[in-house]
Number of protein chains: 2
Amino acid sequence: MKLLLISNSTNAGEEYLRYPMPEIGRFLQGVSEIVFVPYAAVTFSYAEYEKKVQARLSELGIRVRSVHRAKDPARMVREAEALCVGGGNTFALAKKMQEQGLMAAILRKIKAGTPYVGWSAGSNVACPTICTTNDMPIVEPQSFRAVGAVKFQINPHYLDANPEGHAGETREQRILEYIEANPRRWVAGLREGCMLRHAEGKLELIGKRPMRMFRKGMEPFEVQPGSDLSFLL
Amino acid sequence: MKLLLISNSTNAGEEYLRYPMPEIGRFLQGVSEIVFVPYAAVTFSYAEYEKKVQARLSELGIRVRSVHRAKDPARMVREAEALCVGGGNTFALAKKMQEQGLMAAILRKIKAGTPYVGWSAGSNVACPTICTTNDMPIVEPQSFRAVGAVKFQINPHYLDANPEGHAGETREQRILEYIEANPRRWVAGLREGCMLRHAEGKLELIGKRPMRMFRKGMEPFEVQPGSDLSFLL
């Protein structure tokens, strides 16, 4: 399995997909074409999304082909050299991926060794379910089940505090609710600017900030970049 | 129909359910017992939730009876003098309400004139669907369909900005995605400290802050407390 699961496409104030580019470049070394899943886009077109990602991946000499152009998207996935699922709305993404049979097709490819890059919603769908997304449920997918390439849940854009004066649940409270309802799952709170790399049987946190781990019955704790993450495998 | 749909139970730094109490008191005038739906509670028990709400409603001389104690919760709803659905996790709430047939039972009661008070998740479930909740999908309900007492969607805890330095979607961006995918629905961004009161065929915004309105094809706009909201009925 080769996975690069990125918290967020873009850090505040930076260019689109700028900060993860060096890591994406290393991860996709030797890849000349990537199959892109744009279905998390809601307020802009799939073609625009493809173009935006192509503009960035051109720097690595990689051609981007979006599944929305294919008559048979699952086949395009089956024949892919590498896979990429972009961020946006996780519910919209899951719904369309389920309708086209892409969850199962992508899992098979990942198991066969095809590299997978995802960010934000694209990292969520690599998990067993979409249950730890931050997104608004704007459409109803067939189910919450996702690709399941890893056994734990990721909460991308993990955030420590609420804006001042706001009384809604903090991210930590939300995840504590999740583990209460799902006591056998780990949740990784992946802060912005960070990513998880799974390659050669090893899982690694890359970034400048620690990741916050949650599991029912344990105090939440921080893991630093470079720590042993074998407990998640 | 008599509805009191409250954005949030508690303003930051205040006591539980403190700010909406005068309004709840006026709304429930003459009511001696209320049937309470506690299923949005996840990290604390339904009994604790009932107790917490009872402690506050005792000030109004109202007895709180939680449906989780009933063998037949739908029957308890059918026989209720007034209904109250508390906040917490909207997905957990919807799942349990659907399992017990409470969505339909509550709609029938509301149509028959029984007063309904909800806050946060309890306001979300009064809408056609749970699609504009801010909550994390920690469990999978049977469907996203909810009570449907009103024809528009409420986004409770509506928030204008992200915390500084955070690149996730703003609330406005999330709702713009919702209306893109659901072009025939109004969404009311109900800020904390505010509530919607529906009585005698009239819908009214109560609170010190305006409400932000969204619909596909229109620029989002603000409505002030006291404005004509008949376009939502």
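This is a predicted model: local features need pLDDT of at least 70, side-chain atom pairs count only at pLDDT 80 or more; totals for chains, interfaces and linings use all residues.

A residue is called buried when its relative accessible area is under 20%, exposed when that value is over 50%, and partly exposed in between.

The next step is to see how H4(A) lies against H5(A). Helix H4 (residues 90-99) and helix H5 (residues 102-111) of chain A have axes that come within 6 Å and cross at roughly 85°. Angles from 65 to 115 degrees count as roughly perpendicular, and H4(A) and H5(A) are therefore roughly perpendicular to each other. On the side of H4(A) the meeting residues are A:Ala94, A:Met97 and A:Gln98, while H5(A) brings A:Leu102, A:Met103 and A:Ile106. Sorted by class, this contact of H4(A) with H5(A) has five nonpolar residues, one polar residue and no charged ones.

We now turn to chain B and ask about its own helix H4. How many of the ten residues of helix H4 (residues 90-99) of chain B are buried? Seven of them are, so that the helix is mostly covered, and the buried residues are B:Thr90, B:Phe91, B:Ala92, B:Leu93, B:Ala94, B:Met97 and B:Gln98. What covers them includes H4 of chain A, and, from chain B, S2, strand S4 (83-85), helix H5 (102-111) and helix H6 (121-124).

The axes of H4(B) and H5(B) come within 6 Å and cross at roughly 85°, and these two helices are therefore roughly perpendicular to each other. Their contact is made by B:Ala94, B:Met97 and B:Gln98 of H4(B) together with B:Leu102, B:Met103 and B:Ile106 of H5(B). By class, the contact of H4(B) with H5(B) has five nonpolar residues, one polar residue and no charged residues.

Helix H5(B) is itself mostly covered, with seven of its ten residues buried. These are B:Leu102, B:Met103, B:Ala105, B:Ile106, B:Leu107, B:Lys109 and B:Ile110. Their cover includes strand S1 (3-6), S2, H3, S4, H4 and strand S5 (116-119) of chain B. After H5(B) comes B:Gly113, which has a positive phi, near 105°.

B:Asn124 lies in helix H6 of chain B, and it counts as buried because its relative accessibility is 1%. Apart from neighbours within four places in sequence, B:Asn124 is in contact with B:Thr90, B:Thr129, B:Thr132, B:Thr133, B:Ala146, B:Ile154 and B:Pro156.

B:Thr43, by contrast, is partly exposed, with a relative accessible area of 46%, and its place is in the loop between strand S2 (33-37) and helix H2 (46-57) of chain B. Not counting residues up to four places away in sequence, B:Thr43 touches A:Leu176, A:Glu177 and A:Glu180.

B:Arg69 counts as exposed, since its relative accessibility is 57%, and it is found in the loop between strand S3 (63-66) and helix H3 (73-78) of chain B. With neighbours within four places in sequence left aside, B:Arg69 is in contact with B:Ala47 and B:Glu50.

Among the 30 residues that line the largest cavity, the closest to its centre are A:Arg171, A:Arg174, B:Leu159, B:Arg171 and B:Arg174. Helix H7 (171-181) of chain A and helix H7 (171-181) of chain B each supply at least two residues of this lining. By class, the lining of the largest cavity has eight nonpolar, 14 polar and eight charged residues.

Terms used
Residues are numbered from 1 along each chain as its sequence is written. Chains are lettered from A and ligands numbered from 1 in the order in which they are written. Side-chain values use heavy atoms; hydrogens and water are left out. On a 1 Å grid over the protein atoms alone, a cavity is a set of points where a 1.4 Å probe fits but cannot get out, and a pocket is an open set with protein on both sides within 12 Å along at least five of seven lines; lining residues have an atom within 4 Å of a point. Helices (H or I, at least four residues) and strands (E, at least two) are DSSP runs, numbered from the N terminus. Ala, Val, Leu, Ile, Met, Phe, Trp, Tyr, Cys and Pro count as nonpolar, Asp, Glu, Lys and Arg as charged, and the others, Gly among them, as polar. Axes are lines fitted to C-alpha atoms, for helices over the stretch in contact, and angles run from 0 to 180 degrees between N-to-C directions. Angles under 35 degrees count as roughly parallel, over 145 as roughly antiparallel, 65 to 115 as roughly perpendicular and the rest as oblique. Contact means heavy atoms within 4.5 Å. Buried means under 20% relative accessible area, exposed over 50%, partly exposed in between (1.4 Å probe, protein chains only).
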